[in-house]
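Work through the two exercises below with the model open beside you, and follow each solution step by step.

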Amino acid sequence: SSGINAEWSLRPGMHLEDEGKFAEAETSFIKASRPKEAVLMYVHCQDWDSAQRIAEAHDPASVPDVLVGQARVAFESKEFGKAETFLLRAERPELAVKFYKDSAHWEDALRLTQEYLPHKLQLIQDEYESYLASTSG
């Protein structure tokens with residue numbers, strides 16, 4: 001039907017991606033002026049080198065997305081220092097603070113806030129005091 005044809009013309013690489021033909025899908029996305037689709041495809045399968053390569057060459061605005069993706073995986077693996085580095089390179093210190101708070105790593109959350117988001121330090125200190133109050137009961 002025409003709906004399927006319209007989808008095909010908008011996203012020529014999707015079929016190749018579904019078949020696991022990532023290099024061919026990448027070429028298709030770039031030819032279709034959709035490099036971000038290729039970046040996201042590689043982020044999804046955690047091929048960070050390819051994601052970074054496409055982002056830097058064809059879609060610089062998505063470089064932070066690659067770094068945030070890597071940070072998320074690093075946090076899940078409890079590689080906090082590595083995750084923090086990715087988020088700082090992505091210029092997303094507030095996300096690192098959130099990850100640290102969610103993991104109850106308050107010292108790191110406070111350290112990063114003081115260094116990169118000093119205007120939010122009182123707020124984070126208040127959240128920390130609330131956290132301490134809730135866990136001491």
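**Exercise 1.** Determine which residues of α9 are exposed and which are buried, and find what covers the buried ones.

*Solution.* Step 1: Glu 107, Gln 114 and Glu 115 are exposed on one side of α9, where exposed means over 50% relative accessible area, buried under 20% and partly exposed in between, with a 1.4 Å probe and protein chains only. Step 2: in this helix, which spans residues 106–116, the buried set consists of Trp 106, Ala 109, Leu 110, Leu 112 and Thr 113. Step 3: the cover over them includes α7 (80–89), α8 (93–102) and α10 (121–135).

The model is predicted, with local features requiring pLDDT of at least 70 and side-chain atom pairs pLDDT 80 or more, while totals for chains, interfaces and linings use all residues. Residues are numbered from 1 along each chain as its sequence is written, and side-chain values use heavy atoms, without hydrogens and water.

**Exercise 2.** Describe the make-up and overall dimensions of the chain.

*Solution.* Step 1: the chain has 10 helices and zero strands, helices being DSSP runs of H or I with at least four residues and strands runs of E with at least two, numbered from the N terminus. Step 2: the C-alpha atoms fill a box of roughly 60 × 30 × 25 Å along the principal axes. Step 3: of the 137 residues in the chain, 38% are buried.

Note on methods: Contact = heavy atoms within 4.5 Å.
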